[in-house]
Amino acid sequence: MTISTFTATVAAEIGALLARVRPDVARPGLLVALSGGPDSVALLLAARRWSADSGGALAAAHLNHGLRGDDADRDEAFCRDLCARLDVRLATRRDDPRPVARARGCGLEEAGRTLRRRFLETLLDTEPGLHAAATGHHRDDQTETVLMRLFQGTGPQGLRGIRPVSGRIIHPLLGVGRAEIVAFLGATGQPWREDVSNASGENLRARLRRELLPVVRALFGPGSDDAPARLAEVLDDDLDVLDGLAARATAACRDGDALLVPGLRELEPALARHVLR
């Protein structure tokens, strides 16, 4: 994929997803979650192309968890320099996920996601020109998410993985792999920051990437690890149809705040289960 093709493809996806979030706004504004890693850097470059083409407002946000000492500070400095060079406004915050992890009994990765989403939502609430936030989750992240949910136990809803649109959060890179992102940045000469814990860490996602996916590729061949991401895309389309059927069935079975049992009994079991959920 050439430089212009990459930026044009991602810019078009940004526009399409923003139209789903705010169809009522002619030129919605976008907030990019910028960590300094290759995914978010590539996303910001494509978003700048989208902003130039559409006239939509563009800003970035960087959350420093402070877990990696000087490395985390260098990540923040890199994001400041990049945004200054691109003339993109950057909002920053420092927020330690360890108290959240202890209070909720969850891992640091989950606590960090909670803080990041809270930061993005706060900026969207206080910046009237910004209507949605974009994160750099890509096709490889989708594969890892689907596999983790599969082995942890989930149904079709969970196997949808990362949704292209989740409230006011959009994911424009889900159709792009990590290798394509790195190749794009290499072709543009754009450096990025590398978080070594992404590969060497002991969290579930890092171990799956390091230990399981190489086995999948060895057994099923190159490119086989894209299959879970394709499954998520197909399921998302199928379940959108089922969601529509369930909404109509729910309306037909509803009496105020109650669901009428005779109406539920007339439905196909799969549809009845969807209505009850």
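# Why these labels?

Q: Where does alanine 57 sit in this predicted model?
A: Alanine 57 is found in the loop that runs between helix 2 and strand 2.

Q: Why is alanine 57 called partly exposed?
A: Its relative accessibility is 37%. Buried would need a value under 20% and exposed one over 50%, so alanine 57 ends up as partly exposed.

Q: What is alanine 57 in contact with, leaving aside its neighbours within four places in sequence?
A: Pro28, Gly29, Leu30, Trp50, Gly129 and Leu130.

Q: Which residues have the most contacts inside the largest nonpolar core?
A: Leu30 is one of them, along with Phe6, Val10, Ile14, Leu34, Leu44 and Ile170; the core has 35 residues. At least two core residues come from each of helix 1 (3-21), strand 1 (30-33), helix 2 (38-54), strand 2 (58-64), helix 3 (70-86), strand 4 (132-134) and helix 7 (178-188). Helix 2 gives the most, with 8 residues.

Q: How many residues are in the second, separate core?
A: That one has 17 residues, including Leu31, Leu63, Ala101 and Leu120.

Now for the helix pairs.

Q: What makes helix 1 and helix 2 roughly perpendicular?
A: The two axes cross at roughly 75° and come within 8 Å. Angles from 65 to 115 degrees count as roughly perpendicular, so helix 1 and helix 2 get that label.

Q: Which residues make that contact between helix 1 and helix 2?
A: Helix 1 brings Ser4, Phe6, Thr7, Ala8, Val10, Ala11, Ile14, Gly15 and Leu18, and helix 2 brings Ala42, Leu43, Ala46, Ala47, Arg49 and Trp50. Sorted by class, the contact of helix 1 with helix 2 has 11 nonpolar, 3 polar and 1 charged residues.

Q: Why are helix 2 and helix 7 called oblique?
A: They pack at an angle of about 60°, and their axes are 10 Å apart. Roughly parallel would take an angle under 35 degrees, and roughly perpendicular starts at 65, so helix 2 and helix 7 count as oblique to each other. Their crossing is left-handed.

Q: Which residues of helix 2 and helix 7 meet?
A: Pro38, Asp39, Val41, Ala42 and Leu45 in helix 2 meet Ile181, Phe184 and Leu185 in helix 7. By class, this contact of helix 2 with helix 7 has 7 nonpolar, no polar and 1 charged residues.

Q: Why are helix 1 and helix 7 called oblique?
A: Here the packing angle is about 125°, with the axes 9 Å apart. Roughly perpendicular stops at 115 degrees, and roughly antiparallel takes an angle over 145, so helix 1 and helix 7 are oblique as well. Helix 1 passes helix 7 in a left-handed crossing.

Q: Which residues make the contact of helix 1 with helix 7?
A: Ile3, Phe6 and Thr7 come from helix 1, and Glu180, Ile181, Phe184, Ala187 and Thr188 from helix 7. That contact has 5 nonpolar, 2 polar and 1 charged residues.

Finally, some single residues.

Q: How do you know that aspartate 87 is exposed?
A: Its relative accessibility is 70%. Exposed means over 50%, so aspartate 87 qualifies. Aspartate 87 lies in the loop between helix 3 and strand 3 (89-94).

Q: What phi does aspartate 87 have?
A: Aspartate 87 has a positive phi of about 60°, even though it is not a glycine. Most residues other than glycine have a negative phi.

Q: Why does arginine 205 count as buried?
A: Arginine 205 lies in helix 9 (residues 204-220) and has 14% relative accessibility. Beyond its neighbours within four places in sequence, arginine 205 is in contact with Glu109, Asp141, Glu144, Thr145 and Met148. The C-alpha atoms of arginine 205 and glutamate 109 are separated by 9.4 Å, at 96 residues apart along the chain.

Q: What makes proline 228 buried?
A: Proline 228, in helix 10 (residues 227-253), has a relative accessibility of 14%. With the cut-off for buried at under 20%, proline 228 therefore counts as buried.

Note on methods: Residues are numbered from 1 along each chain as its sequence is written. This is a predicted model: local features need pLDDT of at least 70, side-chain atom pairs count only at pLDDT 80 or more; totals for chains, interfaces and linings use all residues. Side-chain values use heavy atoms; hydrogens and water are left out. A nonpolar core is a set of buried Ala, Val, Leu, Ile, Met, Phe, Trp, Tyr and Cys residues joined through side-chain atoms within 4.5 Å. Buried means under 20% relative accessible area, exposed over 50%, partly exposed in between (1.4 Å probe, protein chains only). Helices (H or I, at least four residues) and strands (E, at least two) are DSSP runs, numbered from the N terminus. Axes are lines fitted to C-alpha atoms, for helices over the stretch in contact, and angles run from 0 to 180 degrees between N-to-C directions. A crossing is left-handed if the near helix is turned anticlockwise from the far one by less than a right angle, and right-handed if clockwise. Contact means heavy atoms within 4.5 Å. Ala, Val, Leu, Ile, Met, Phe, Trp, Tyr, Cys and Pro count as nonpolar, Asp, Glu, Lys and Arg as charged, and the others, Gly among them, as polar.
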